[in-house]
Amino acid sequence: MKSTRDELLDKVRAALKRDVNSIMPGVPSTARISPRSTGDAEAERSLLFAEIEKLGGKTRRLTHSANLKDALQDLMRVEAIKKATLWQTTDLKELGIEEILTSIGVEIVSPYASNRVVAECDLGITGADYALPETGTLVLRSSIEKPRTVSLLPRVHLAIIRPNIPRADLHQVFDEVKRDGYFVFVTGPSRTADIELTLTIGVHGPQALHVWAI
Amino acid sequence: MSNIPTHIDFRSNVQHVPPHMPPAVRKATTKFLGNRADVVNQLGTDRWEMLRQAGHEIRLHAINHLDHYLTQLEEQVTRAGGQVHWARDATEARSIVLQIAREHHIKRVVKAKSMATEEIDLNHALQEAGIQALETDLGEYIVQLAGEMPSHIIVPAVHLTKEDIADLFHQKLGVDAAPEPTALTAIAHTKLREEFLSADMGVSGANFMVAETGTIVLVTNEGNGRMCSTLPPVHVAIAGIDKVVPDMASLTVLLKLLARSATGQKISTYTSFITGPRRVDGENGPQEFHLILLDNGRTRILQDESARETLLCIRCGACLNVCPVYNQVGGHAYGWVYSGPIGAILSPQLLGTSVAADLPFASSLCGACGDICPVKIPIPKILLHLRHRVVEGDAVEPATTSPIIQAGVQAGAMALGTPWLYQLGSQLLRLVEKPLQRGDWLPNLPPPANRWTMVRPFPAFNADFRTWWERRVGKPRTNKRLRNLALAVIAIEALLFVGWLLLRKRKR
C-alpha cells in the first residue's frame with residue numbers, strides 16, 4: 001500500500017504534470033533582488049542605533065570597556081536589577097561582566113539552570129553575531145555558549161555588541177548562518193497592539209531592550 | 001463540536017454583524033494601510049515593485065515545482081534530526097498530533113498563532129483528548145477565552161473593546177483589571193508565563209519552510225512563537241504544503257514583503273529560524289521536533305490552473321485591509337478562519353464551492369486586493385473563475401474551454417491561416433447555404449445552430465472577403481496591412497461565433 005507521503009507527492013506531480021524525473025530548473029534570476037547599498041561603517045552604526053531607538057530600545061556607546069561598570073550600575077538602578085544571567089562567550093568573559101555584576105551586588109544565575117529559574121532573572125546579557133542597520137535588527141546564533149533563553153525569559157535584555165557586526169542586508173547574514181540549527185532576529189523589545197490597537201511594549205518576550213556598543 | 005463549517009451563508013452572516021464591528025475593523029485596517037504606505041514610500045515605489053515581482057516569481061516557482069521542494073525539505077529536516085509527517089486532511093493531521101501527544105504523555109500544550117492549526121480545528125481535538133490547549137498570541141488568547149473566532153488575521157480580537165476584555169478577564173480568570181491595554185496585557189503576560197513554563201508541548205505553524213536547509217521560519221511580535229518553540233521539550237510545527245520556499249535567498253525578498261504588508265513594520269520583532277531540534281543540551285530548545293505537512297485540499301487547488309496562484313499567499317492580510325466589503329462586515333461574516341478577499345478564494349477551494357458558494361460573490365471586484373497583494377495573486381480573476389465554478393459545478397479540470405471548442409478554434413485557425421483552404425471554405429459555404437437561403441437571410445438552420453434561428457434569422461453568407469472587397473472598392477490593391485487587419489477581424493468574429501454556438505449547445 002502506498003504511504004500518505006507517496007500518495008501526496010503523486011497528487012502534486014499529477015496536478016503539475018510532472019514526474020519523478022522531470023527536469024528541475026533553478027530559481028529564475030529575475031526572482032533575485034540585490035542587497036541594499038550602504039553608507040560607510042560609521043553611518044551604518046548610527047543607522048542601527050537610530051532604528052533600535054525608534055522601536056523603543058535604548059542604545060549606548062561605550063568608548064572603553066572601563067566604562068562598563070558605570071553603565072551596568074546605571075542599568076541596575078534604572079531597571080531595578082537583582083538577578084542576572086548571561087551568555088558564556090569568551091567575548092563577555094573577557095569584558096569581565098560577571099565579575100562587575102557580582103561586585104555591584106547583582107546575583108548571577110547560570111544560563112543552564114531550569115527555564116523557571118532563568119525566567120526569574122531581571123536581566124539577560126547576550127552579545128549579537130550580526131546586525132541589520134536598515135531595520136535595527138540583531139542576529140543571535142545559538143550554541144552551548146549562547147543559550148536561547150537568555151535573550152527571551154528575563155525581563156530586560158542587554159546585548160553588548162562589537163562595532164564590526166553590521167551587515168548590509170539579509171543576503172550577507174544568511175550566507176553566514178544558514179547552516180545553523182537555530183538563530184533568531186531580534187528587532188526591538190517584545191510588543192503587541194492586540195488590544196484596541198494600542199501599542200504595548202513587553203508581552204511575552206523582554207519588556208526592555210538595551211544595546212551597548214563597545 | 002467542530003469549528004470546520006459545512007455551510008457558509010455569507011448573506012445571512014452579514015445580517016448579524018454587530019454595529020460596533022465595522023468601525024473597530026476600519027480602525028485597524030486604516031492604521032495598517034497607513035503604516036504600510038509609510039514603509040513602502042521609505043523604500044521607494046520602484047524597489048517595492050521589484051520586490052513584489054520577485055516575490056511573485058519565487059512563490060510561483062516554488063508552487064510549480066512543489067514536489068521537488070517538498071522532497072528536499074523532508075530530506076533536510078530529517079537530516080537535522082527532525083521528524084516529518086504527511087497529512088492528507090484535517091482528520092489525519094489531528095490524529096498525528098494526538099499520537100505524538102500520547103507517546104509523550106502530554107498534558108499541556110501552548111500554541112503560537114497559526115492559521116493551519118485553526119484550519120484543522122486542533123484545539124477541540126486536543127481538549128477532547130483531555131489535553132489543555134492554550135492560544136498564546138494575546139489576541140488569539142482573548143478570542144479563545146471569549147469562545148469566538150478571530151475577526152482579523154493579524155489582530156484577532158480587534159472587534160472587542162478594552163472594557164469587553166476587562167469583563168472577560170474578570171469572568172474567566174477571576175481577576176479585576178482596569179480596562180487599560182497595559183494592565184490587561186500584564187495580566188495575560190503573568191497568566192501565560194506560567195503556562196509557557198509548565199507546558200510539555202509547543203505547537204506552531206510556519207510562515208515559511210526553507211527546502212534548501214530544512215528550516216522553518218516563525219514571525220511574531222510578542223515573542224510567543226519563540227516561547228512555544230524554545231521552552232517545551234517537544235515542538236510540533238504544522239504547515240500547509242504550500243508554505244515551502246526554495247532557499248534562504250528567497251527570504252531576502254519574502255521577509256521584506258511580509259511585515260511591510262501586514263502591519264507596516266519593516267520587520268517583525270522576532271523572526272526565528274528553526275532547523276530540527278536542539279543540537280546540544282546546553283543551548284536550550286526542544287529535544288524533539290516534528291513537522292506536519294498538511295494537504296487538506298491544497299493539491300486540489302494545484303490541479304486548477306486558473307486558481308493555482310491562490311497558493312502563493314503569504315498570509316499578510318493586506319487584501320483584508322484594503323477590501324471595501326471586508327471593511328463593512330469584518331472577519332466573522334466569512335464563516336471560517338480565512339476572511340477577506342483571500343478567504344473568499346481560499347475557503348471555497350478548501351471546503352468546496354458547495355459549502356462556501358456565497359464567498360466568491362462577496363466582492364465588488366474593485367481590484368484593490370490584487371493591486372496590494374505583495375506576491376501579486378490575481379485575486380479578482382480567481383474570484384471570477386470561482387463564480388464560474390459555483391455555477392457550473394466543482395469540476396476542477398481546466399474547465400474554461402471544452403475539447404469541442406478547442407477543436408473548433410484550432411480548425412478555424414487552420415482554415416483562416418491557409419489561403420487555399422480559406423477560399424475553398426468560402427466557396428463551399430456558399431454552396432451549402434444555397435438550399436436554406438431566403439433572400440439575404442437563413443431563416444432555419446440545422447441543429448445545433450437552430451438555437452439561433454428559433455429566435456431570429458441568420459444573415460446569409462453572400463461572399464468571401466476578397467469578393468466582398470472587390471465589389472465595394474474594386475480590385476484589391478496589395479495593401480498587406482489592411483488585408484491582415486480585415487482578416488484578423490473576420491477571424492475574431494468567426495471564433496466568437498463558433499464559441500457562441502458551442503456554448504449554447506452545452507448549456508442546453
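This is a predicted model: local features need pLDDT of at least 70, side-chain atom pairs count only at pLDDT 80 or more; totals for chains, interfaces and linings use all residues.
Chain B contains 23 helices and twelve strands. The C-alpha trace of chain B spans about 90 × 50 × 45 Å along its principal axes. Of its 508 residues, 57% count as buried. When contacts in chain B between residues at least 6 apart in sequence are considered, 74% of them join residues at least 24 apart. One separation within the chain involves Ala494(B), a residue of helix H23 (residues 480-507) of chain B. The C-alpha atoms of Ala494(B) and Asp281(B) are separated by 74 Å, and the two residues are 213 apart along the chain. With a relative accessible area of 31%, Ala494(B) is partly exposed.

Two sheets are described here. Strands of a sheet pair through backbone hydrogen bonds, in either a parallel or an antiparallel sense. In chain A, six strands form an open sheet with parallel pairing, in the order S1-S11-S7-S4-S2-S3. Its edge strands are strand S1 (58-61) and strand S3 (107-108) of chain A, each of which pairs on one side only. Four bridges connect S1(A) with strand S11 (residues 208-213) of chain A, and this pairing is parallel. Within S11(A), Trp212(A) is the residue that stands opposite Arg60(A).

Strand S5 (residues 208-210) of chain B runs parallel to S8(B), and two bridges join them. Met209(B) is placed opposite Val244(B), which belongs to S8(B).

Aromatic pairs were searched for over all chains, and eleven were found in the whole structure. One of them, between Phe174(A) and Phe273(B), is edge-to-face, with 5.6 Å centre to centre and 70 degrees between the planes. This pair joins two chains, because Phe174(A) lies in helix H7 (residues 170-177) of chain A and Phe273(B) lies in strand S9 (residues 270-274) of chain B. Both Phe174(A) and Phe273(B) are buried. Phe273(B) also forms a stacked pair with Phe183(A), in which the centres are 4.3 Å apart and the planes are at 10 degrees. This pair likewise crosses between chains, from Phe183(A) in strand S8 (residues 182-186) of chain A to Phe273(B) in strand S9 of chain B. Phe183(A) counts as buried because its relative accessibility is 0%. The relative accessible area of Phe273(B) is 0%, so Phe273(B) is buried. Ring pairs link these residues into a cluster made up of Phe174(A), Phe183(A), Phe185(A) and Phe273(B).

Arginine side chains are also placed over aromatic rings in chain A. Arg61(A) lies over the face of Phe49(A), at 5.5 Å from the ring centre. For Arg148(A), which lies over the face of Tyr182(A), the distance from the ring centre is 4.0 Å.

His65(B) is located in the loop between helix H3 (45-64) and helix H4 (66-79) of chain B. His65(B) has a relative accessible area of 13%, so it is buried, the limit being under 20%.

Asp137(B) is situated in the loop between strand S3 (132-135) and helix H8 (138-146) of chain B. Asp137(B) is buried but has no salt bridge. The nearest side chain of opposite charge is that of Lys113(B), at 5.1 Å, whereas a salt bridge requires a distance within 4 Å.

Technical notes:
Residues are numbered from 1 along each chain as its sequence is written. Chains are lettered from A and ligands numbered from 1 in the order in which they are written. Side-chain values use heavy atoms; hydrogens and water are left out. Buried means under 20% relative accessible area, exposed over 50%, partly exposed in between (1.4 Å probe, protein chains only). Lys and Arg count as positive and Asp and Glu as negative; His and the chain ends are not counted. Rings of Phe, Tyr and Trp (its six-membered ring) pair if their centres lie within 6.5 Å; planes under 30 degrees apart count as stacked, over 60 as edge-to-face and the rest as tilted. A charge sits over a ring if NZ of Lys or CZ of Arg is within 6 Å of the ring centre and within 35 degrees of the ring normal. Two strands pair if DSSP finds at least two bridges between them. Contact means heavy atoms within 4.5 Å.
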